[in-house]
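Here are a few exercises to work through with the structure open beside you. Try each task before reading its solution.

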Amino acid sequence: MRQLRKAGIVFATTGTGALIASSAAAQEAAVDTQYILNSFLFLVGGFLVMFMAAGFCMLEAGLVRSKNVADICLKNIALYAIAGIMYYLVGYDLMYDGVEKWFGTFSIWNAAQGAPGGADIVGEAGGYADHSDWFFQMVFVATAASIVSGAMAERVKLFPFFAFVVILTGLIYPISGAWKWGGGWLDQLNFQDFAGSTIVHSVGGWAALTGCLILGPRLGKYVDGKTRPMPGSNLPLATLGTFILWLGWFGFNGASQLALGTVSDAVAVSRIFANTNMAAAGGAVAALILTKALYKKVDLTLVLNGALAGLVSITAEPLTPSVGAAILIGAVGAIIVTLVIPLLDKVKLDDVVGAIPVHLVAGIFGTLVVPVTNPDAGFGAQAIGVLAVAAWVVPTSAIVWFVLKLTVGIRLSEEEELIGGDAAELGLEAYPEFVDGVPDGGRGVA
Amino acid sequence: MRQLRKAGIVFATTGTGALIASSAAAQEAAVDTQYILNSFLFLVGGFLVMFMAAGFCMLEAGLVRSKNVADICLKNIALYAIAGIMYYLVGYDLMYDGVEKWFGTFSIWNAAQGAPGGADIVGEAGGYADHSDWFFQMVFVATAASIVSGAMAERVKLFPFFAFVVILTGLIYPISGAWKWGGGWLDQLNFQDFAGSTIVHSVGGWAALTGCLILGPRLGKYVDGKTRPMPGSNLPLATLGTFILWLGWFGFNGASQLALGTVSDAVAVSRIFANTNMAAAGGAVAALILTKALYKKVDLTLVLNGALAGLVSITAEPLTPSVGAAILIGAVGAIIVTLVIPLLDKVKLDDVVGAIPVHLVAGIFGTLVVPVTNPDAGFGAQAIGVLAVAAWVVPTSAIVWFVLKLTVGIRLSEEEELIGGDAAELGLEAYPEFVDGVPDGGRGVA
Amino acid sequence: MRQLRKAGIVFATTGTGALIASSAAAQEAAVDTQYILNSFLFLVGGFLVMFMAAGFCMLEAGLVRSKNVADICLKNIALYAIAGIMYYLVGYDLMYDGVEKWFGTFSIWNAAQGAPGGADIVGEAGGYADHSDWFFQMVFVATAASIVSGAMAERVKLFPFFAFVVILTGLIYPISGAWKWGGGWLDQLNFQDFAGSTIVHSVGGWAALTGCLILGPRLGKYVDGKTRPMPGSNLPLATLGTFILWLGWFGFNGASQLALGTVSDAVAVSRIFANTNMAAAGGAVAALILTKALYKKVDLTLVLNGALAGLVSITAEPLTPSVGAAILIGAVGAIIVTLVIPLLDKVKLDDVVGAIPVHLVAGIFGTLVVPVTNPDAGFGAQAIGVLAVAAWVVPTSAIVWFVLKLTVGIRLSEEEELIGGDAAELGLEAYPEFVDGVPDGGRGVA
């Protein structure tokens with residue numbers, strides 16, 4: 001329903017005959033209640049999605065080696081901050097303000113906002129508070145940026161990464177977002193992406209893929225045709241991150257209904273909660289069984305990625321599937337991701353946390369599978385949406401990464417990479433007492 | 001109020017005289033608002049309880065030795081996923097659909113669900129969205145399963161444990177649940193268990209107790225009549241887990257009011273929040289003082305378990321006590337648990353995280369203390385409920401564990417247990433850089 | 001709006017002419033809806049603020065050395081419990097019950113509370129459930145206490161610290177709180193402090209400052225005119241704590257609107273969410289850039305403290321600023337804090353986690369900057385409020401700390417401090433397998 005955002009919300013109306021004053025007041029109270037509930041849904045959904053920034057941070061901090069943990073923590077909290085500022089300064093209006101086909105206006109959001117509580121604010125947004133909508137949209141752009149940090153971890157330099165985040169969250173994401181959620185050409189084509197399998201997850205995934213290709217793999221990852229495992233330093237932290245992401249996804253998908261003012265909205269949000277949960281459950285169980293069958297042992301990180309793959313897969317359409325279908329969609333998404341992950345190493349694509357399979361591959365799958373449960377969607381429009389976003393994000397990301405590479409450089413020096421980003425760029429250690437200087441799997445070893 | 005679930009919610013009605021059309025519409029809006037608020041309470045409560053899965057995971061990951069941390073993380077995320085799928089396939093309808101005395105129907109939940117937002121869905125549930133209720137009930141069954149994983153940690157095999165979870169969440173929990181919350185014989189007897197001291201926590205606790213007895217203690221735990229301490233590997237993680245459980249309990253108890261559509265519901269949910277918090281506070285402080293008095297030093301894990309004991313104790317009746325009474329109930333529960341924990345070692349019952357005292361013993365206490373503050377409850381019915389659930393869960397769990405033991409085996413081999421579940425079953429380490437291969441308190445030592 | 005708390009909430013009323021019975025009922029339903037939404041805001045805001053206790057705990061556990069981690073975890077969970085009990089027994093009524101100028105009554109909160117759901121409870125509070133308000137106010141006092149534990153970590157004794165928490169949460173905080181939020185003399189003077197830059201954060205900050213001065217720095221921190229770095233043991237945990245605090249702050253500031261029953265409340269809460277987030281973002285980015293400029297390397301902990309400084313700075317007035325102004329307020333607060341932190345070491349003030357700059361200094365700044373965006377506030381009244389709170393908290397805290405110092409002692413013995421609080425007071429280790437007994441940066445080293 002995301003594309004209805006700017007269309008405003010149609011209130012249930014009743015007979016317009018000769019209402020007496022008192023019942024008109026009661027009607028008004030009901031309209032007010034809808035306004036409040038819509039806004040409150042954005043706020044609750046918004047804080048849940050905001051917390052996903054912590055989820056990505058913990059997932060990535062758990063999956064990198066200890067010498068890069070503080071560095072990835074810094075990247076994650078700073079990218080969330082930068083994303084908000086850029087979306088305020090440029091992104092929001094570019095995505096939502098006066099979009100016809102391609103993009104909106106270059107302007108600061110709501111620069112002319114009136115005094116707090118003023119009627120102008122109430123009126124202009126239709127059925128919810130402006131700031132609640134802005135807050136909810138803002139946390140989505142941060143999600144896209146979070147995807148990039150994990151894939152490129154352990155070797156990308158701090159400030160060039162932040163420079164990319166500035167462009168991604170200020171320009172790249174908002175423009176393709178405008179095509180669909182801003183009511184632009186993809187929306188007019190009836191492309192369907194309820195909460196952003198393509199508009200958020202694939203955008204982040206394409207940007208991560210492009211960045212990884214330009215950046216190259218970690219030192220020592222692929223040597224003499226063999227792949228060296230570089231195990232994550234703290235798996236319970238990665239598990240916590242996955243649980244936090246799972247939690248946040250209730251806000252991500254649920255509040256993308258964009259309204260809670262009617263019974264039918266409450267039914268929809270409830271369906272979305274159940275389906276979101278069960279797609280993740282299907283993904284986790286599918287990855288569990290598949291990895292056991294393939295490898296005899298069960299890799300915890302593959303199960304975590306299976307749950308996340310299920311979540312990404314259901315994001316394009318969490319409303320129309322039955323619970324059973326949601327389980328299946330999540331399971332198939334997880335199976336695809338589980339099979340794709342080892343292929344990346346074959347082509348020497350070094351994605352530290354599996355962000356590209358989880359967010360890009362499952363995002364594409366989730367987008368293409370929409371017509372199976374949603375009769376209003378068509379396979380053609382879905383495919384066009386997937387390809388159009390690729391055709392936009394890959395070249396623009398590549399240009400930004402190349403410009404950064406040719407100017408300030410995007411990669412740590414060999415020596416810096418060996419000692420780790422924490423020592424090289426932050427001058428500290430994430431776990432100064434747990435890890436000694438002796439080479440033992442992480443520090444000082446490529 | 002949980003037993004009213006399927007009875008629907010009675011809307012406050014007013015004069016049924018000659019309503020004019022417009023005010024009838026306003027009335028309808030008010031009924032709609034109640035429907036929305038009831039559903040929203042389920043969703044907010046539901047995501048809080050869902051997050052308890054992360055709480056259990058962190059608590060258990062912090063209290064096991066490092067060689068079993070990834071294994072317990074995998075168990076926790078997978079059991080949450082399995083619980084949801086089984087509850088969908090079997091459990092929900094068995095617990096709630098057409099229960100007369102013992103159990104409902106064997107059927108997939110809501111298999112015939114209509115199109116999203118259709119009037120059939122709105123109508124059939126009375127005063128809330130079907131899926132919101134289902135989501136909220138589902139997270140409860142996962143809680144029961146989470147209790148088992150902690151008690152049996154560090155030696156139970158992965159897939160036999162999952163097989164047990166399948167039966168527990170698909171059959172054992174739903175059937176005793178049907179007796180009370182499905183409106184079955186315990187409910188007809190006026191057994192009171194507001195949010196599940198017995199129906200959730202004791203069920204998990206009995207299953208854990210039975211499993212621990214059949215599984216036996218960890219290697220080297222009890223040698224020559226002495227108990228060897230096996231300290232948890234990461235206490236801040238255990239503390240985080242406790243905080244997350246405390247947070248989630250507001251949803252667990254608060255949304256078990258099952259409605260937020262009236263002023264009286266809002267008052268009730270608010271009382272429950274305050275009482276839940278203060279029972280935990282009473283439990284933490286009582287455990288703090290008691291352990292200081294008993295042992296001179298204060299054991300952090302006993303204080304964490306004291307808070308949890310307070311939470312379990314108030315769960316059977318979080319509404320009727322005054323705040324002062326809630327503090328006392330929590331404190332007494334924590335004192336009992338603090339005194340029981342050392343007794344387990346005396347009988348060589350090896351419960352890794354203290355799940356049996358916290359969830360079973362405090363669950364029994366909480367159930368039996370209900371009549372003290374709730375005049376509608378009687379001690380006899382409470383005792384019958386406690387005993388009936390024991391008489392159901394212990395033998396059924398025992399049968400499942402014995403069948404698993406005799407067929408696939410339920411315990412790691414001695415060698416596997418020595419190297420730890422992570423290396424044996426997952427082929428990885430949770431903290432590859434923090435813990436070296438040399439025996440130093442955990443790895444490679446029984 | 002916090003000062004309106006006890007004034008009750010004025011419901012939007014309409015024509016009082018000859019209402020027919022049915023529309024009167026509809027009106028009543030609307031009033032009920034407001035009551036429910038107001039209460040629900042308190043509950044949602046309350047559980048978010050409750051979770052800040054976990055945020056403080058993780059932040060502090062990550063920033064102390066490993067030998068004091070379990071000790072700081074225990075302090076954090078116990079102080080949250082103690083704060084609730086004291087606020088129930090003494091604090092709430094002292095802060096809110098019948099305040100004229102200085103303080104309210106010495107009585108247990110709501111000792112005469114009626115049966116659950118009774119009309120007396122509904123009626124007496126005006127527009128929200130008593131217990132929802134109490135719960136929300138209670139979590140604030142715990143926040144103030146959390147600030148103290150971090151600053152004084154690694155050397156203050158456990159039970160003397162708890163004794164201070166008893167006095168702080170039962171007497172000191174409630175009395176200065178009464179001056180403003182209880183409607184006392186500061187409120188009558190038009191002092192403005194929306195969510196507590198002064199009333200919560202500065203109170204905690206002054207108490208921490210006083211405690212640190214009386215307690216003295218950690219052994220070996222300042223030797224021969226040089227400051228020895230004592231790096232935190234677990235930076236991802238500190239990052240997680242910061243994210244949790246950021247999350248909780250939406251409840252802290254947002255629900256301090258104290259109402260969600262009208263459109264204008266929904267607009268206000270939404271503005272507050274956006275502004276709170278963007279002040280933190282501004283703080284994080286400002287600290288990032290400033291530390292890079294000053295030190296060439298970026299210190300993760302300074303960026304975390306920058307985000308927190310932004311949050312504290314916006315807390316006195318999160319409603320009136322535009323989003324752009326909120327970013328600036330957060331950025332300036334963070335710049336001040338970043339510059340103040342190194343000054344503390346110059347004067348040998350050993351604040352382990354930077355709590356005094358973040359909560360006291362940014363709290364003062366946030367309070368004084370209110371008139372810039374809020375025309376109803378005046379610089380004079382703001383300055384008087386800041387000074388008055390200092391003049392109250394510093395001497396009373398000093399008396400308590402001195403009495404404790406002269407009676408039971410407040411500081412670990414030198415030997416205890418060297419082996420760490422965990423071994424000395426708890427008889428355990430937080431990470432028994434990660435840190436061996438050999439001096440390597442933390443354990444056994446001053």
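Buried area here is the accessible area (1.4 Å probe) that two parts lose on being put together, summed over both. Keep in mind that this is a predicted model.

**Exercise 1. Work out how much area chain A and chain B bury between them, and which residues of chain A lose the most.**

Step 1: start with the area. Chain A and chain B bury about 5300 Å² between them, and 81% of that is on carbon and sulfur atoms.

Step 2: look for the top contributors. On the chain A side, Phe243(A), Val263(A) and Arg271(A) lose the most area to chain B. Together these three make up 13% of what that side buries.

Step 3: count residues. The contact takes in 68 residues of chain A and 67 residues of chain B.

Step 4: check the polar side of things. There are zero salt bridges between chain A and chain B, but seven residue pairs are in polar contact (both at pLDDT 80 or more).

Step 5: find the elements. Those giving two or more residues to the side of chain A that touches chain B are H1 (21–63), H8 (235–254), H9 (263–295), H10 (300–315) and H11 (323–346), all helices of chain A. H9(A) gives the most, with 16 residues.

Step 6: sort by residue class. That side of chain A divides into 42 nonpolar, 19 polar and seven charged residues.

**Exercise 2. Now do the contact between chain A and chain C: which element of chain A gives the largest share of residues?**

Step 1: get the extent. Here 66 residues of chain A are in contact with 67 residues of chain C. The area buried between chain A and chain C is about 5400 Å², and carbon and sulfur atoms give 82% of it.

Step 2: Ile77(A), Glu433(A) and Phe434(A) supply 15% of the area that chain A buries against chain C, more than any other three residues.

Step 3: check charges and polar pairs. The salt bridge count between chain A and chain C is zero, and seven residue pairs are in polar contact (both at pLDDT 80 or more).

Step 4: list the helices. Among the elements of chain A that give two or more residues to this side are H1, H2 (69–96), H4 (130–151) and H5 (158–180). The largest share, 21 residues, comes from H1(A).

Step 5: finish with the classes. The side of chain A that touches chain C holds 50 nonpolar, twelve polar and four charged residues.

**Exercise 3. Take helix H7 of chain A: how does its expected span compare with the distance between its end C-alpha atoms?**

Step 1: Chain A has 16 helices and two strands, and 70% of its 446 residues count as buried.

Step 2: do the span. H7 of chain A runs over residues 197–215, which makes 19 residues, and at 1.5 Å a residue they should span 27 Å. The end C-alpha atoms are 25 Å apart, so the two figures agree.

Step 3: ask how covered the helix is. In H7(A), 18 of the 19 residues are buried.

Step 4: look just past the end. Gly216(A) follows H7(A), and its phi is positive, near 85°.

**Exercise 4. Is Ser270(C) buried or exposed, and what does Ser270(C) touch?**

Step 1: locate the residue. Ser270(C) sits in helix H9 (residues 263–295) of chain C.

Step 2: apply the cut-off. Buried means under 20% relative accessible area. Ser270(C) has 0% relative accessibility, so this serine counts as buried.

Step 3: find a polar partner. A polar atom of the Ser270(C) side chain lies 2.7 Å from the backbone oxygen of Ala266(C).

Step 4: list the neighbours. Leaving out residues up to four places away in sequence, Ser270(C) touches Ser39(A), Leu43(A), Ala129(A), His131(A) and Ser132(A).

**Exercise 5. Where do Asp224(B) and Asn190(C) lie, and how is each classed by accessibility?**

Step 1: take Asp224(B). This residue is in the loop between strands E1 (222–223) and E2 (226–227) of chain B, with a positive phi near 55°. Its relative accessible area is 75%, so Asp224(B) is exposed.

Step 2: take Asn190(C). You'll find Asn190(C) in the loop between helix H6 (185–188) and helix H7 (197–215) of chain C, and its phi is also positive, near 70°. At 33% relative accessibility, Asn190(C) counts as partly exposed.

Methods. Residues numbered from 1 in each chain as written. Chains lettered and ligands numbered in written order. Heavy atoms only, no water. Contact = heavy atoms within 4.5 Å. Salt bridge = Lys/Arg side-chain N within 4 Å of Asp/Glu carboxyl O. Polar contact = N/O pair within 3.5 Å; in protein donor to acceptor, adjacent residues only side chain to side chain. Helix = DSSP H or I, 4+ residues; strand = E, 2+ residues; numbered from the N terminus. Nonpolar A, V, L, I, M, F, W, Y, C, P; charged D, E, K, R; others polar. Expected span 1.5 Å × (residues − 1). Buried < 20%, exposed > 50% of the residue type's maximum accessible area, 1.4 Å probe, protein only.
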